[in-house]
Amino acid sequence: MRNYAYFTEDKGVWDRKKTLTNQNILTLLSEKNIQLESPTDTRFAYCNTNYALLALIIEKVTGLSYREAMKEMIFTPLDMKNTFVFDYEKDRKNVTPSYKGNNIELAFDYLDAVYGDKNIYSTPQDLLKFDLARNAPTFLNENLRSQIYKGYSNERKGTKNYGLGIRMIEWETGQKFYFHNGWWHGNTSAYIPLAKDNVTIIALSNKFTRNVYAVKKLAPLFGDYPFEFNDEE
């Protein structure tokens, strides 16, 4: 599917003076004849639209709002007291702002009410609690956990792959490296679980900088990760 941030810029699709919602995205896909980004099963591309629709599925299945579901299913059980799903109407005047690299504050725009692909505010400490839970049998069962860390699509055959919400690098030696970077406005983040080394690297910034993504260079301090450091993805 096409990224909603792009197809809503197409002429006649959406009035960008109006705040976009997850339900609006679903409606536009069904009513505006939004074409696929590429033919099915021809290529892989990360797409925020998938996560926005996944949030709607979670709401349909649980009967809760996405905000309530995340709190009930994840944040409260894991004692993530400083983590919440951003409410565009209630929280935008209270949350920490984000900045461009030149220190100019970034304003909210018509895309900022969409959740599922973004809009979870957290701390490194809370994210570590989430990370510790990923191997706990009382949080995820073994079958589900194995599905998460299985590669489903090769970005570059034999090296880059993608699991269920986690990026992967698979070297010919059999060594695997899991990670995920994030970006929205000036907020950047990096999450790197080095499971076999009992290490997790978490970096967050509210000022746009690619240096956050460079924390993967710390991985070889803890294990055998043969990076080519000119690759900063």
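Predicted model: local features only at pLDDT ≥ 70, side-chain atom pairs only at ≥ 80, totals over all residues.
**Entry 1: the E7–E8 hairpin.** I began at the turn, where Asn198 takes a positive phi near 55 degrees. Asn198 belongs to the hairpin of E7 and E8, which has four residues between the strands.

Next I looked up how the two strands pair. E7 covers residues 187–194 and E8 covers residues 199–205. They run antiparallel, and seven bridges join them. Which residue of E8 is the bridge partner of Thr188? I found Ser205 there.

**Entry 2: Asn3.** I then moved to the start of the chain. Asn3 lies in the segment before helix H1, which spans 4–7. Is Asn3 buried or exposed? Its relative accessibility is 11%, so I put Asn3 down as buried, given that the cut-off for buried is under 20%.

I also checked what Asn3 touches. Leaving out residues up to four places away in sequence, I noted Cys47, Asn48 and Thr49. With Asn48 there is also a polar contact between the side chains, at 3.4 Å.

Entry 3: Helix H3 runs over residues 48–62, and Val61 lies in it. I logged Val61 as exposed because its relative accessibility is 67%, and exposed means over 50%.

Which residues form a nonpolar patch on the surface with Val61? I wrote down Leu54 and Ile57. Together, Leu54, Ile57 and Val61 have about 300 Å² of accessible area.

**Recap for my own use.** Asn3 is the buried residue I looked up, and Val61 is the exposed one.

Definitions and conventions: Residues numbered from 1 in each chain as written. Heavy atoms only, no water. Buried < 20%, exposed > 50% of the residue type's maximum accessible area, 1.4 Å probe, protein only. Polar contact = N/O pair within 3.5 Å; in protein donor to acceptor, adjacent residues only side chain to side chain. Contact = heavy atoms within 4.5 Å. Pairing = 2+ DSSP bridges. Patch = residues over 30% accessible without salt bridge, like charges linked within 9 Å, V, L, I, M, F, W, Y side chains within 5 Å. Areas by Shrake-Rupley, 256 points an atom, 1.4 Å probe, with all protein chains shown as cover. Salt bridge = Lys/Arg side-chain N within 4 Å of Asp/Glu carboxyl O.
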